[in-house]
Amino acid sequence: MGKVKLDIGSGPGNFWFWSKDDGDTVLRLDRVPFEGVIRWECPDPLPVEDKVTDEAFIGGMLIELDTQQQLSLADELNRVMKDDGVIWMRVYGGSLGFPRFFKKLRELGWWVVKEEMNNIVREGNTLVTDYFVEIRKV
Ligand SMILES: C[S@@+](CC[C@H](N)C(=O)[O-])C[C@H]1O[C@@H](n2cnc3c(N)ncnc32)[C@H](O)[C@@H]1O
């Protein structure tokens with residue numbers, strides 16, 4: 001049986017980070033109805049059943065959410081992920097930049113197990129460090 005993978009706040013592109021193997025179900029979700037993307041707006045519930053998701057990827061979306069949306073997203077991730085699933089994130093400023101979101105995830109049992117610098121990106125006149133974060137249930 002294939003894996004269920006979510007690209008949350010996917011934007012218009014097919015993200016390069018993972019591949020789709022035969023039998024996998026990949027749902028790309030965004031509030032903007034880009035082609036091939038399911039329209040979903042945080043804090044609405046993610047459009048999947050409880051504990052069915054093997055991998056979730058959230059790239060660069062956290063910075064666009066207010067605190068309540070971030071906390072709802074943490075609850076929804078906890079609801080939809082399999083216990084042995086993995087959440088991958090690309091986070092501007094890294095996990096320390098979003099303490100409420102990552103604290104909530106930890107309270108639900110989901111811990112950052114790996115965090116590494118990915119890139120330095122220009123946001124207007126500012127340079128921002130972009131991190132890859134791997135989160136698992138421990
Ligand atoms: C910076 S883009 C990142 C796109 C892509 N994930 C990437 O890594 O390149 C952030 C995306 O989050 C989406 N987004 C922002 N707020 C959202 C919300 N409340 N619900 C759903 N999508 C949202 C935006 O429409 C946008 O496509």
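**Close-up views of a predicted model**

**View 1. Helix α1 packs against helix α2.** Helix α1 spans residues 67-80 and helix α2 spans residues 99-107; the two pack at an angle of about 25°, with their axes 9 Å apart. The model shown here and in the other views is predicted. Angles under 35 degrees count as roughly parallel, and α1 and α2 are therefore roughly parallel to each other. The crossing of α1 past α2 is right-handed. On the α1 side, the contact is made by Thr67, Gln70, Leu71 and Ala74. On the α2 side, Arg100, Phe101, Lys104 and Leu105 make the contact. By class, the residues of this contact are four nonpolar, two polar and two charged.

**View 2. Seven strands form an open sheet.** The strand order is β3-β2-β1-β4-β5-β7-β6. Pairing within the sheet is mixed. The edges are held by β3 (38-39) and β6 (110-123). Each of these two has a single partner strand, so one side of each is left without a neighbour in the sheet.

**View 3. Strands β1 and β2 pair in the parallel sense.** β1 covers residues 4-8 and β2 covers residues 25-30. Five bridges join them. Within this pair, Lys5 stands opposite Val26 of β2.

**View 4. Helix α1 packs on the sheet.**

**View 5. Strands β5 and β7 pair in the antiparallel sense.** β7 runs over residues 126-137. Seven bridges link β5 and β7. Val91 stands opposite Tyr131 in β7.

**View 6. Strands β6 and β7 form a hairpin.** Their pairing is antiparallel, over twelve bridges. Arg122 has Leu127 of β7 as its bridge partner. Two residues lie between the strands of the hairpin. Here Gly124 takes a positive phi near 65°.

**View 7. A shell of 16 residues lies around the ligand.** Gly9, Gly11, Arg31, Gly59 and Gly60 come nearest to the ligand. By class, the shell has five nonpolar, six polar and five charged residues.

Technical notes:
Residues are numbered from 1 along each chain as its sequence is written. This is a predicted model: local features need pLDDT of at least 70, side-chain atom pairs count only at pLDDT 80 or more; totals for chains, interfaces and linings use all residues. A residue is near a molecule or strand if its C-beta atom, placed from the backbone, lies within 6 Å of it. Ala, Val, Leu, Ile, Met, Phe, Trp, Tyr, Cys and Pro count as nonpolar, Asp, Glu, Lys and Arg as charged, and the others, Gly among them, as polar. Axes are lines fitted to C-alpha atoms, for helices over the stretch in contact, and angles run from 0 to 180 degrees between N-to-C directions. Helices (H or I, at least four residues) and strands (E, at least two) are DSSP runs, numbered from the N terminus. Angles under 35 degrees count as roughly parallel, over 145 as roughly antiparallel, 65 to 115 as roughly perpendicular and the rest as oblique. A crossing is left-handed if the near helix is turned anticlockwise from the far one by less than a right angle, and right-handed if clockwise. Two residues are in contact if their C-beta atoms, placed from the backbone, lie within 7 Å. Two strands pair if DSSP finds at least two bridges between them.
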